[in-house]
Amino acid sequence: MDMESALVSDLDTLVKFDLKVLAADPAEVEAEEFIPVFHRWITERVLPELLIDVADYSHVHEGPGVLLVGHDAIYAYDLSRGEPGLLYSRRHESGAELEGIGSLDDRLRSLLECAFRVCDLIEAEPNLGGRVAFDRHRLELRVNDRLFPSDKATAVTLAGAFQRALAEAGVHDGDAPVQVKRIGESRERLTLRTG
Amino acid sequence: MSQLTVDSTATWKQRLEGRVPPHLDEEIDIFETQIAQKRQGKIDDKVFAETRLRRGVYGQRYDNGQRHDGTASRALEYPCGDLTKGPNTVWDAPGMLRIKIPFGAMNGEQMEVLADLAEEYSDGIAHVTTRQDIQLHFIHIDDTPDIMRRLAAAGITTQEACGNSVRNVTACPMAGVCRDEPFDVSPYAHALTWFLLGHKDAQDFGRKFKIAFSGCAQHACGLANMHDLGAVAQVRPTGNGTSSGTERGFKVYVGGGLGAVPHQAKVLREFVREDELLPLAQAVCRVFGRLGEKRNRARARVKFLVAKLGIEEFTRLVDEELAILPPDDRWSAYLGDLSVTDEAPTRPAATLEAGERPDGFAEWLGSNVQRQRQPGYVAVAINLPLGDLTSTQLRALADTTRRYNGGHVRNTVEQNILLRNISEADLPALYAELREQGMGEPGASSLVDVTACPGTDTCKLGISASRGLAGELRKRIATSIKTTGVLADEAVKDLRIKVSGCFNSCGQHHVADIGFYGVSRKSDGRTIPHFQVILGGQWTENAGSYGLAVVAVPAKRIPEAVERIAGLYVTEREKGESFQSFIARVGKARIRQLLDDLTKLPTYLEDRTLYSDWGDPREYTIGDLGVGECAGEVVTAVEFGLSAAEREVFQGLLELDRGAAEAAAAKAYAAMLQAARALITTENIDIGTAPKEIVGEFRTRFYDTELFFDPYAGAKFANYLFRIHGDAETDSGEEAHRRIEEAQLFIEAAHACNQRISELQAARVA
């Protein structure tokens, strides 16, 4: 197995990713408004996965905002970097919907599906009155596992896979594929950003 | 393609090989093996629970697989099925990891590791606790060995952070830079931490054991009086007047503690030399391990053993142990290098010169900066909202501190972070950096800096939303200060507010000027979250005295209660009168009268807002609107009786205020009898008023049947009644104080029992 194949093979085992979809007009809503929404989602089981709790960190400067904690993932109306958005942070893949994911491409496709589904739900949420919209072209993908390298080779491989997944999800830049670039300092988790 | 330098298939154990201290590496390996064994059903549930607790791996709300959504309890179907990590604790349920930070000291590398772990395994938040620890929430147990390895590689352990063990050793965060201390207690706290960690004489306790160091007697920083073992630094002349030297030592206290019923510590030694401290602590551990209660957890802390034996007998037993302890080089070896905890300044000392300042600097300087003993240096407090900071902030703090003081901080028991050895001249630049990072809020250690335990947010024992209330109070106080409302008055600026989600006092409500702990009350067939208002506690002098409950107020009305109490103090205090003295002078009856209208409960249809808690939109109650009238009447009668019991205990408070210990104790006894009798009327309307009959009936109907048992504390509160019934009279003020506390808790337990009975009746009707 050559080095590139080895890397792709390694990345196939990487489960822990963060995907953030930035809000289009963040000033329209306060993070606390998500608290009753997320509680109701747990009660009504609106997602096909186990949802457990709601955590409010809206008091923290540019923090994770308000969280909907599930077993496989944490969803948050996240305020980090002063850029509100929907953060989907996958931790496990135990749910029936996530069964059979075996490759990096599969996983990125699934990440986009899960995050976009919750974006759709929030945008349609009656209690938020249509005041939240997400820009599905402004995305951040982060490797949330420091066992994996954050070197250039990994970034290139991951960026290619991410572009393919975006194209399959119908996220294009006109007729062209969405551009993906690496952001952040080298000591931070490997993070890619569209646009 | 560039060459790959990291093998991503490695495990953290492989990656960190050689970097984890051997004794911790072995410990973590053992725990990982135990996790594997538990998965295979080869370890008993209770044994595994204590095993993980002793590694800091704690439970969290909803880990029993149930969640109440306000109308019904629903199952959380975790993928692990029946696999548990302790009794009624589901394997896959997220939990909390408590990370020991001895005397709150962290360096840059440690802050970065904690930031990494919070991002990868938790929710991106590091939470500073009231014991200077760091807690991470929503952790999966399978991840804990790797987390522990990554911490251990940075010199941090979670070993004995929970469970029946020696918990994080705390100390004054100003130790080493304080102007009042005779010497720096940090190296002693460090030495005792590592001496007792895993020590064979500290492995057989019935409950936890908490140790604190303080540099002086007059300030609160160390809170030595409320600890199982407290050490306050002292020096004394050496020799018999023939030499002019001094020697270091400690005044040592034992048997203090908050919890449901607080105890003031007793003096174990007026002075122990520094080389005698570790063996003395070891001897205390031996006595506690040998004679401390093991079966009844509610009476198992050292404070109960000291109260039972008396301090003289306890001291004698400690002396006996000391005499037979096998010598240990570690008792004094550390004295050869007391600089091990030193944090030398890295910037030159320089005074703050006049010049242009960033916005908000003056206010921040006034509230968050303290002069150090070392000229030209100051200590800077970061006022963390509810003790929380993000991974990004923690990492930024590591960078900032490296630039200004070599990369050192101390967590405080007020859930803040202290930067020491800051050159005064650097303050404007430091403030600008902290403000940029969202850590430049003024008001540290003031009224707005409200302390709170996790409460119902994540704690399984939480009754009310302590963090929700604390967050709301922070907002309102900040607004009042900005708009020059009553809470902006200089007189109340330095008062402390502390909130606990239940009677267990993790928020340290007993030692606040204004304290609260969560309780519940039933009204209109539903349950309403309340907080007991605690007044009269003393934060200074190492938590010099404890407050007492005045009245229970609905949670949503607590901010109004705070404004009224503060307003009364602002308008009616005498010149120079402290808040504590003011409360003693005006009396609790006056305060109760002041808050009386707030305790009147609207019906659900009149005002639903009171029927949910702060920050949680779910209805607080599990009551059913379809409860029959018959049951409702019975409940009403019980509530009436419990209300009478509350009046009785309040009168006991007033007796205590006027120094009538015997009368106060009698009221406490009468209150418990009243509450017990109220419950008995649900089954025997003809119950008489003779104490013997009430206690007998209570034992048969509520104790033997375990109806009265608290889900977590068991028979604890029932035993308060039996004990006072067997020994009703006392003229000791401290004992009377305790009995008043116990009566209050007994009544709370009666309320809870009544709710359970109502639910059972409703279920039967349904």
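Predicted model: local features only at pLDDT ≥ 70, side-chain atom pairs only at ≥ 80, totals over all residues.
Local features need pLDDT of at least 70, side-chain atom pairs count only at pLDDT 80 or more, and totals for chains, interfaces and linings use all residues. Residues are numbered from 1 along each chain as its sequence is written, and chains are lettered from A and ligands numbered from 1 in the order in which they are written.

**Exercise 1. Find the buried residues of helix H2 of chain A, and state where they lie around the axis.**

Step 1. Helices (H or I, at least four residues) and strands (E, at least two) are DSSP runs, numbered from the N terminus. H2(A) covers residues 34–44.

Step 2. Apply the burial cut-offs. A residue is buried with 20 or more other C-beta atoms within 10 Å of its own, exposed with 12 or fewer, and partly exposed in between; C-beta atoms are placed from the backbone. Phe34(A), Ile35(A), Val37(A), Phe38(A), Trp41(A) and Ile42(A) are buried.

Step 3. Take the arc, meaning that of the directions from the helix axis to the C-beta atoms. These residues cover an arc of only 165°, so they sit on the same side of H2(A). An α-helix has 3.6 residues a turn, so residues three or four places apart point the same way.

Step 4. Look for partners. Contact means C-beta atoms, placed from the backbone, within 7 Å. The buried residues of H2(A) pack against strands E2 (51–57), E3 (65–70) and E4 (73–78) of chain A, together with strand E26 (616–619) of chain B.

Step 5. Check what comes after the helix. Arg45(A) follows H2(A) and has a positive phi, near 50°.

**Exercise 2. Describe the contact between chains A and B from the side of chain B.**

Step 1. Chain B gives 38 residues and chain A gives 37.

Step 2. On the chain B side, helix H1 (12–15), helix H4 (108–121), strand E17 (388–390), helix H12 (391–405) and E26 each supply at least two residues.

Step 3. Sort that side by class. Ala, Val, Leu, Ile, Met, Phe, Trp, Tyr, Cys and Pro count as nonpolar, Asp, Glu, Lys and Arg as charged, and the others, Gly among them, as polar. The chain B side has 16 nonpolar, 11 polar and 11 charged residues.

**Exercise 3. Work out how helices H16 and H18 of chain B cross.**

Step 1. Axes are lines fitted to C-alpha atoms, for helices over the stretch in contact, and angles run from 0 to 180 degrees between N-to-C directions. The axes of H16(B) (558–572) and H18(B) (588–595) come within 10 Å and cross at roughly 135°.

Step 2. Angles under 35 degrees count as roughly parallel, over 145 as roughly antiparallel, 65 to 115 as roughly perpendicular and the rest as oblique. H16(B) and H18(B) are therefore oblique to each other.

Step 3. List the contact. H16(B) brings Ala561(B), Arg564(B), Ile565(B) and Leu568(B), while H18(B) brings Ile591(B), Leu594(B) and Leu595(B). By class, six residues are nonpolar, none polar and one charged.

**Exercise 4. Decide whether His92(A) is buried or partly exposed, and find its contacts.**

Step 1. His92(A) lies in the loop between strand E5 (85–90) and helix H3 (104–123) of chain A.

Step 2. His92(A) has 18 C-beta neighbours inside 10 Å, so it counts as partly exposed.

Step 3. Setting aside neighbours within four places in sequence, His92(A) contacts Val15(A), His71(A) and Asp72(A). Val15(A) is 77 residues away along the chain, yet the two C-alpha atoms are 6.8 Å apart.

Definitions and conventions
Contact = placed C-beta atoms within 7 Å.
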